[in-house]
Each structure stands twice: as C-alpha cells, then as structure tokens.
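I opened my notebook to see what could be looked up in this fold. Here is what I wrote down, entry by entry.

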Amino acid sequence: MKHIPRKRFGQNFLTDHTVLEAITRLVAPQPDDVMVEIGPGLGAMTRLLLASLKHLHVVEIDRDLVGRLQKTFRVDQLTIHQGDALAFDFSNVHVPVGRKLRVVGNLPYNISTPLLFHLAQFAPIVQDQHFMLQKEVVERMVAEPGSKVYGRLSVMLQWRYQMTLELIVPPSAFDPPPKVESAIVRMIPLAQPLACDLGALGKVVTTAFSQRRKVLRNCLSGLFTENDLIASGIDPQARAETVQLERFVALANRLPVDRRHAK
Ligand code: SAM
C-alpha cells in the first residue's frame with residue numbers, strides 16, 4: 001500500500017536518483033563509519049548509504065514508516081530509533097574510541113532550525129553533518145557579514161561549524177514537491193570554537209538582530225554601553241548585519257554572568 005505523505009512531519013520524499021547519488025557522493029560513507037540518518041522516510045537515502053556502510057542508525061518519528069523500514073532492512077544493518085529527533089540523545093549512540101559520529105538527513109523543514117540548535121550541543125562528538133534543507137535556510141547559515149540574510153542563525157552556527165552550501169536541489173526532485181528550492185549543506189564542527197559562553201552569545205546576537213534596521217548603540221543599549229561596543233571593536237553606529245562573529249564573541253564576553261541567560 002502506498003504511504004500517504006504527512007504534511008505535519010514535513011514528508012517530501014526524495015525520488016530523483018541523480019540527486020540521491022550526488023548526496024551519497026558528498027557524504028562518501030565508509031564501511032566502518034558510525035552514522036545516524038535523521039528522518040529516513042521510505043528509505044531512499046538509507047538504501048544508498050547502506051550500499052557502503054556496514055551499519056546505520058536512523059531516527060524516525062512516523063510509526064507507519066518505522067514499520068515499513070523494519071520490513072525492508074535487516075536488523076543487523078539498521079538500528080531504528082522511533083521518536084522525535086529533537087529529543088534524541090545523539091551521545092547515546094555507541095561510537096568506538098577514536099571515531100566520531102556522522103549525521104545525515106533530508107530534514108523535515110518545519111523543524112530544521114530547532115533541530116540544528118539541538119544538534120549543536122553534540123558538536124564535540126560529531127565528525128560532520130550533511131543535510132538537505134530549504135535553500136533559503138542554508139543561505140542564511142553560510143551568509144557573511146554585509147549580506148541581507150546574515151543573522152542569528154549565521155552567527156550562532158558559524159561559531160560552532162565550518163559550513164558550505166554544496167548543491168541546490170529543485171522541487172521536482174521530491175514527491176510531493178515542496179513549494180521551495182532546497183540545498184545540501186555540509187557542516188564540520190570546528191576543533192576550537194572561540195572561547196565564549198553560548199548563553200551570552202545567544203542573548204547578544206538575538207538582541208542585536210531583533211531590530212535589524214536600528215544601529216547597535218540603540219539595539220543593545222539595555223545590555224552595553226557605547227564604550228563596551230567600542231572596546232569590542234564594534235562601531236556603535238553600525239547595524240548587526242555588518243558585525244563579524246569575532247566581534248560578537250568579544251562583546252558577549254563582556255556581558256556580566258547574571259545577565260547571560262534570561263530573555
Ligand atoms: N529521507 C527521506 C527522503 O529523503 O525521502 C524522507 C525525508 S522527509 C523530508 C523528512 C522525514 O523526517 C520524514 O520521514 C518524516 O517522517 C521524518 N520526521 C519528521 N519530523 C521528525 C522528527 N521530529 N523526528 C524524526 N523524524 C522526523
């Protein structure tokens with residue numbers, strides 16, 4: 001029986017083999033890799049990954065799809081974690097000493113931003129991540145200062161990862177086709193992110209971009225003096241979209257500890 005795609009789970013299944021093969025080439029799975037696929041769906045990518053891997057973990061929320069995967073793949077090949085990837089503890093996947101986890105997925109677009117932030121917690125145990133996302137989201141992730149789409153997502157993820165947009169994928173590659181273009185992003189955790197409290201950085205960046213058109217002296221007046229901005233190398237007349245990651249980090253490091261977390 002044909003599976004009827006569920007909108008609430010962001011189900012747009014990849015059906016274009018050229019695209020599936022291109023993604024597999026980008027991921028370049030090696031037999032002993034410890035890999036987790038988020039949202040395997042009907043298993044199109046799963047099958048290609050397993051052509052190279054000895055074993056694969058998948059996290060899938062939809063029980064019907066889990067039932068199909070159980071019938072399609074052997075248990076010694078595929079470990080199925082039925083549940084919400086947003087609550088999945090990636091540190092529970094066994095990784096032999098000296099190796100790290102690889103994460104892949106054609107992600108459900110409705111939860112992509114919270115999922116990226118959830119995964120960021122596990123960056124120290126991750127080798128790399130390859131995701132299909134809405135193209136516009138990938139553009140925001142990799143945007144540089146000065147770009148109109150440079151914002152909170154760019155700064156927070158660039159603090160943690162080196163990221164590249166690898167491939168643009170048209171709606172026609174999926175069934176049903178999504179309304180927007182998609183893109184593959186490669187994310188490699190940085191060995192040493194700049195020293196900084198993540199709560200402080202999050203607060204500064206969220207506040208700085210909350211009113212993009214305002215100059216930073218005004219946007220950040222509740223948190224910093226003009227001198228704090230200048231001491232962090234930031235022009236108080238500048239707008240958030242022109243400020244480099246290093247400067248935001250310098251500013252976040254000036255935020256008193258008791259002001260770091262509350263919204
Ligand atoms: N990988 C498949 C493909 O490329 O054809 C399916 C991709 S589809 C865009 C997203 C998949 O993620 C679906 O299988 C959906 O059921 C699953 N999914 C949606 N929300 C999820 C969640 N919170 N946790 C785990 N899987 C989820």
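Entry 1, strands and a cavity. I started with a term: helices and strands are DSSP runs, numbered from the N terminus, and a strand needs at least two residues. I also noted that I am working with a predicted model. With strands settled, I looked up who supplies the lining of the largest cavity, and found that β5 and β6 each give at least two residues. The largest share, 3 residues, comes from β6.

I looked up how many cavities of 30 Å³ or more the structure holds, and the count is 1. The largest cavity has about 30 Å³ of space. Its lining is made of I23, M45, G105, N106, H130, F131, M132 and I184. I sorted this lining into 5 nonpolar and 3 polar residues, with no charged ones.

Next I asked what volume the largest pocket has, and wrote down about 510 Å³. It is lined by 34 residues, and F9, G39, G41, E60 and N106 are the ones nearest its centre. The elements giving two or more residues to this lining are β1 (13-14), β2 (34-38), α2 (44-50) and β3 (56-60). Of these, α2 gives the most, with 3 residues. The lining of the pocket splits into 19 nonpolar, 10 polar and 5 charged residues.

A reminder for myself: in soluble globular proteins, nonpolar side chains tend to be buried together. Here the largest nonpolar core has 30 residues, and I38, F90, F131, M141 and M187 touch the most other members. Among the elements that each supply at least two of its residues are β2, β5 (101-106), β6 (126-134) and β9 (182-189). The most, 4 residues, come from α4. I then followed M187: beyond its neighbours within four places in sequence, its contacts include L116, F131, M141, L157 and M163. There is also a second, separate core of 27 residues, with C196, V205, A208 and I234 among them.

I looked up the span of α7, which covers residues 198-210. Its 13 residues reach 18 Å from first C-alpha to last, close to the 18 Å expected at 1.5 Å a residue. Which residues of α7 are buried? I listed A200, L201, G202, K203, V204, V205, A208 and F209. Their cover includes α6, α8 (216-219) and α10 (245-252).

Key: Residues are numbered from 1 along each chain as its sequence is written. This is a predicted model: local features need pLDDT of at least 70, side-chain atom pairs count only at pLDDT 80 or more; totals for chains, interfaces and linings use all residues. Side-chain values use heavy atoms; hydrogens and water are left out. On a 1 Å grid over the protein atoms alone, a cavity is a set of points where a 1.4 Å probe fits but cannot get out, and a pocket is an open set with protein on both sides within 12 Å along at least five of seven lines; lining residues have an atom within 4 Å of a point. Grid points are joined across faces, edges and corners, and a volume is the space filled by probe spheres set on the points. Ala, Val, Leu, Ile, Met, Phe, Trp, Tyr, Cys and Pro count as nonpolar, Asp, Glu, Lys and Arg as charged, and the others, Gly among them, as polar. A nonpolar core is a set of buried Ala, Val, Leu, Ile, Met, Phe, Trp, Tyr and Cys residues joined through side-chain atoms within 4.5 Å. Buried means under 20% relative accessible area, exposed over 50%, partly exposed in between (1.4 Å probe, protein chains only). Contact means heavy atoms within 4.5 Å. The expected span of a helix is 1.5 Å times one less than its number of residues.
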